Amino acid sequence: MAGVKALLGLSFSGAIGLTFLLLGCALEQYGVYWPLFVLIFYILSPIPTFISRRLSDDTDSSSNACRELAYFLTTGIVISAFGLPVILARVNTIQWGACGLVMTGNAVIFLTILGFFVVFGGGDDFSWEQW
């Protein structure tokens, strides 16, 4: 039952993050949909971690090069997602208010993705086959 509550909480926070992103695009005073390109970063951010967990050996407790490379790539993707709205606002493609809403949505979405990995990533008692 704890897995269902966690999944419900993560889906709720993901919906709030996407709401901030869409408000930054669809409000009448902003009205530009260029910030939706951060959705690409939302999709790309967990992929290096999924690949490294599949390829790495969990028996070694020391640092793993594959896992460290995945963390580095994920960090670059997350920083790019925060940098894109700032650059769009600096070149006057979007307004600064839209940039703030998109940055808030980024923070909520990436914390949701991190929460997913914390809740469902480490435990051996949870399996996706039970869904």
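Here is a short walk through the helices of this structure and one of its pockets. The model is predicted, so local features need pLDDT of at least 70 and side-chain atom pairs count only at pLDDT 80 or more, while totals for chains, interfaces and linings use all residues. Residues are numbered from 1 along each chain as its sequence is written, and side-chain values use heavy atoms, leaving out hydrogens and water.

Let's begin with helix α3 (residues 47–55) and helix α4 (residues 65–90), whose axes come within 8 Å and cross at roughly 175 degrees. Helices here are DSSP runs of H or I with at least four residues, numbered from the N terminus. Axes are lines fitted to C-alpha atoms over the stretch in contact, with angles from 0 to 180 degrees between N-to-C directions. The pair is therefore roughly antiparallel, a term for angles over 145 degrees. Pro48, Thr49, Ser52 and Leu55 of α3 meet α4 residues including Cys66, Arg67 and Ala70, where contact means heavy atoms within 4.5 Å.

Now follow α4 to its other partner here, α5 (96–120). The axes of α4 and α5 come within 9 Å and cross at roughly 175 degrees, which makes α4 roughly antiparallel to α5 as well. Among the residues in contact are Val78, Phe82 and Arg90 of α4 and Trp96, Met103 and Phe110 of α5. By class, this contact has twelve nonpolar, one polar and one charged residues.

What lines the second largest pocket? Its lining includes Thr49, Thr74, Val78, Phe110 and Phe117, and α3, α4 and α5 each give two or more residues. The largest share, six residues, comes from α5. About 240 Å³ of space lies in this pocket, a volume being the space filled by probe spheres set on the grid points.

Finally, the UniProt record (an unreviewed entry) places "transmembrane region" at residues 6–25, 32–51, 71–89 and 101–121. Over residues 71–89 the chain is 100% helix, with end C-alpha atoms 28 Å apart. Over residues 32–51 the chain is 60% helix and 0% strand, and the end C-alpha atoms are 35 Å apart.

Conventions
Parallel < 35°, antiparallel > 145°, perpendicular 65-115°, else oblique. 1 Å grid on protein atoms, 1.4 Å probe; cavity = no way out; pocket = protein on both sides within 12 Å on 5 of 7 lines; lining within 4 Å. UniProt positions renumbered as here; feature names shortened; annotations may be inferred. Nonpolar A, V, L, I, M, F, W, Y, C, P; charged D, E, K, R; others polar.
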